[in-house]
Every structure is written in structure tokens, then in C-alpha cells.
Amino acid sequence: EITRDIFMVVAEQHFSAFSNLFKAAKVIIANMSNKQETEAEKLLQAQIKIECVVYSQDSPYNDSLFKAKNNIPNALANGSIQEMSYHLQAYYKIVSHRLADQIPLVIRCYILNEFADKLRIDMLQLIQDKDRINVYLMEDEDSQRKRDDLKRKIDRLRKAQK
């Protein structure tokens, strides 16, 4: 949502004089934002499903298990339930670190990088549409009026200069 809003502000800054182009850009930005959010959500859901499969490399798991065992007093360390608790704590720590690393990467990839790349492509395709380019580049009335006023002032100044 933040990314979409920022792209909307940039579009408004650059296309405000061309209301038709700005409207088309807003539609593209909104559609692209929804599509990228959906793709990112699917990837995150897949990542969470993957985490349902208990897996970790031996070295990180052993390190985490060792730390979990050292955090519990020895008086409690003699039962199989307690041993299972160590394993769960170790694996939970690994999974939480993995997800904490993965989620920002997915957001950055889909919401920022791919969104910007796809938006750039769609905007280039938009302005290359030869049938609609004149409609997109029509100035709004205020800009056209200002431009006409400035042209008249320039003409008057040129006449006064002669």
C-alpha cells in the first residue's frame, strides 16, 4: 500500500498536466499493486507451508539445540519430554530466524523491485500506443490556459521590444 501510494504521488508529480495520462497511470499502478501483492502473499504462504516440513541443516540445529539445553537447569533435563522440549525450542528458533529473513526479501522483491520493473514496462507500452497517445498527451484546461496566457505575454513582450 505504501509503495502504491508513493508511485501514485510520483505519477501525479510528472503527469498532472496530462489528466488522461495520469488517469491511465493510476489504473496501471492500482492493477499492478494488486497483482504484486497477490504474488507476494502466495509466495509467503508457500514459504509457511514449506516450514511445516521439519528440516534444518545439522550445524545450525545442533548449535540451537545446545543453546536450548544450556538455558534449562540440569534438574529438569532428565526426561524424554524435556528432551523433546529442547528439540522444539531449537527448531522454533531456526524457523523464526528463517522466516524473519525470508519475509522482508519477498516483500522487497515483489513489492518494490518487480513492481517497479513491471510498472516501467507497462508505462512504456502505454505511451507507445499510437492510437491513444494523442488522447493521453492532451493537456488539461488549466495547463492549456496557462500556456496560452504565457504565449500571449511572450508575443506582447516581443512586440514591445521592437
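Select Arg145: with a relative accessibility of 45%, Arg145 counts as partly exposed. Partly exposed is the range between buried, under 20% relative accessible area, and exposed, over 50%, using a 1.4 Å probe and protein chains only.

Two ground rules before moving on. This is a predicted model, where local features need pLDDT of at least 70 and side-chain atom pairs count only at pLDDT 80 or more, while totals for chains, interfaces and linings use all residues. Residues are numbered from 1 along each chain as its sequence is written, and side-chain values use heavy atoms, leaving out hydrogens and water.

A salt bridge here is a side-chain nitrogen of Lys or Arg within 4 Å of a carboxyl oxygen of Asp or Glu. Both residues sit in helix α6, three residues apart, about one turn of the helix. Asp142 is partly exposed, at 45% relative accessible area.

Glu141 counts as exposed, at 60% relative accessibility.

**Second stop: the whole fold**

Zoom out and colour by secondary structure. The protein has six helices and zero strands. Helices (H or I, at least four residues) and strands (E, at least two) are DSSP runs, numbered from the N terminus. Buried residues make up 23% of the 162 residues. Contact means heavy atoms within 4.5 Å.

The salt-bridge count comes to six. Select Asp117 and Arg120 for another one: their closest N and O atoms are 3.3 Å apart. Both lie in helix α4, three residues apart, about one turn of the helix. Asp117 counts as partly exposed, at 38% relative accessibility.

Next, select Glu39, Glu114 and Lys118. Salt bridges link these three in a network.

Select Ile29, Leu119, Met123 and Leu126. These have the most contacts inside the largest nonpolar core, which has 14 residues. Such a core is a set of buried Ala, Val, Leu, Ile, Met, Phe, Trp, Tyr and Cys residues joined through side-chain atoms within 4.5 Å. The elements giving two or more residues to this core are α1, α2 (19-51) and α4 (80-127). The largest share, seven residues, comes from α2.

Centre on Met123. Leaving aside residues up to four places away in sequence, Met123 touches Phe15, Ala25 and Ile28.

α1, α2 and α4 each give two or more residues to the lining. The pocket volume is about 270 Å³.

Pockets and cavities are found on a 1 Å grid over the protein atoms alone: a cavity is a set of points where a 1.4 Å probe fits but cannot get out, and a pocket is an open set with protein on both sides within 12 Å along at least five of seven lines; lining residues have an atom within 4 Å of a point. Grid points are joined across faces, edges and corners, and a volume is the space filled by probe spheres set on the points.

How many cavities of 30 Å³ or more does the structure hold? It holds one. Select the lining of the largest cavity: Glu1, Thr3, Arg4, Ser33, Gln36, Glu37, Ile111 and Phe115. α2 gives the most to this lining, with three residues.

Pick out Arg4, in helix α1 (residues 2-15). Arg4 is buried yet has no salt bridge; the nearest side chain of opposite charge, Asp5, is 4.1 Å away. For charge, Lys and Arg count as positive and Asp and Glu as negative, with His and the chain ends not counted. Beyond residues up to four places away in sequence, Arg4 touches Ile29, Ala30, Ser33, Asn34 and Glu37.

**Last stop: Lys35**

Select Lys35, in helix α2. Lys35 counts as partly exposed, at 46% relative accessibility.
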